[in-house]
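Subject: Handover of a structure and findings

Dear colleague,

Please find below the structure that I am passing to you, together with its sequence. I would be grateful if you could read the notes after it with the coordinates open.

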Amino acid sequence: QVQLVESGGGLVQPGGSLRLSCAASGSIFGISVMGWYRQAPGKPRELVAAITSDSVTNYADSVKGRFTISRDSAKNTLYLQANSLKPEDTAVYYCNVAGRTLARVSYNYWGQGTQVTVSS
């Protein structure tokens, strides 16, 4: 059974950096896109960054130039390098993996989330 586990969150001051990781418990076949979402209290979950199977990336306007998404397929791990952090980046960050199985069935996996708090 596939499990995604996020790590790397924590408390940082404005202007600081964090590197978030998302590790899969096992190999996942047929990935179409992997992404990072975040959700702050009282706000809807929003897409932060995504990377497709052919390495095309997409970022929310609010994080462009500050965040970088990447992956290491050999380690089954997704990363988010977050620089120049702002208080408005405070949220729980979730890893997402979506794709289709050999049986053409779509799947959508989520991690448990990791807390990022940006405060002085």
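Predicted model: local features only at pLDDT ≥ 70, side-chain atom pairs only at ≥ 80, totals over all residues.

The four-stranded sheet

Four strands make up an open sheet in the order β1-β3-β8-β7, and their pairing is antiparallel. Its edges are formed by β1 (4-7) and β7 (67-72), each of which pairs on one side only. On average, neighbouring strands of this sheet are turned by 15° against each other, direction ignored.

Within this sheet, β3 and β8 are joined by six bridges in the antiparallel sense. One point of reference is cysteine 22, whose bridge partner in β8 is leucine 78. Strand β8 also contains threonine 77. With a relative accessible area of 10%, threonine 77 falls under the 20% limit and is therefore buried. The side chain of threonine 77 reaches the backbone oxygen of lysine 75 at 2.9 Å.

The two hairpins

Strand β4 (residues 31-39) runs antiparallel to strand β5 (residues 46-52), and six bridges join them. Methionine 34 stands opposite isoleucine 51 in β5. β4 and β5 form a hairpin with six residues between them. In that turn, glycine 42 has a positive phi of about 80°.

β5 is also joined to strand β6 (residues 57-59), again in an antiparallel arrangement, by three bridges. Here alanine 49 has tyrosine 59 in β6 as its bridge partner. β5 and β6 likewise form a hairpin, with four residues between them. The turn includes serine 55, which has a positive phi of about 70°.

The cavity

Rolling a probe the size of a water molecule over the atoms shows where empty space is left. How many cavities of 30 Å³ or more does the structure hold? There is one, and the volume of the largest cavity is about 30 Å³.

The residues that line the largest cavity are Leu18, Leu20, Leu80, Ala82, Leu85, Tyr93 and Val116. By class, this lining comprises seven nonpolar residues, with no polar and no charged ones. β3 (18-24) and β8 (77-82) each supply at least two residues of the lining.

Yours sincerely,

A colleague

Technical notes: Residues numbered from 1 in each chain as written. Heavy atoms only, no water. 1 Å grid on protein atoms, 1.4 Å probe; cavity = no way out; pocket = protein on both sides within 12 Å on 5 of 7 lines; lining within 4 Å. Points joined across faces, edges and corners; volume = space filled by probe spheres on them. Nonpolar A, V, L, I, M, F, W, Y, C, P; charged D, E, K, R; others polar. Pairing = 2+ DSSP bridges. Axes fitted to C-alpha atoms, helices over the stretch in contact; angles between N-to-C directions. Buried < 20%, exposed > 50% of the residue type's maximum accessible area, 1.4 Å probe, protein only. Polar contact = N/O pair within 3.5 Å; in protein donor to acceptor, adjacent residues only side chain to side chain.
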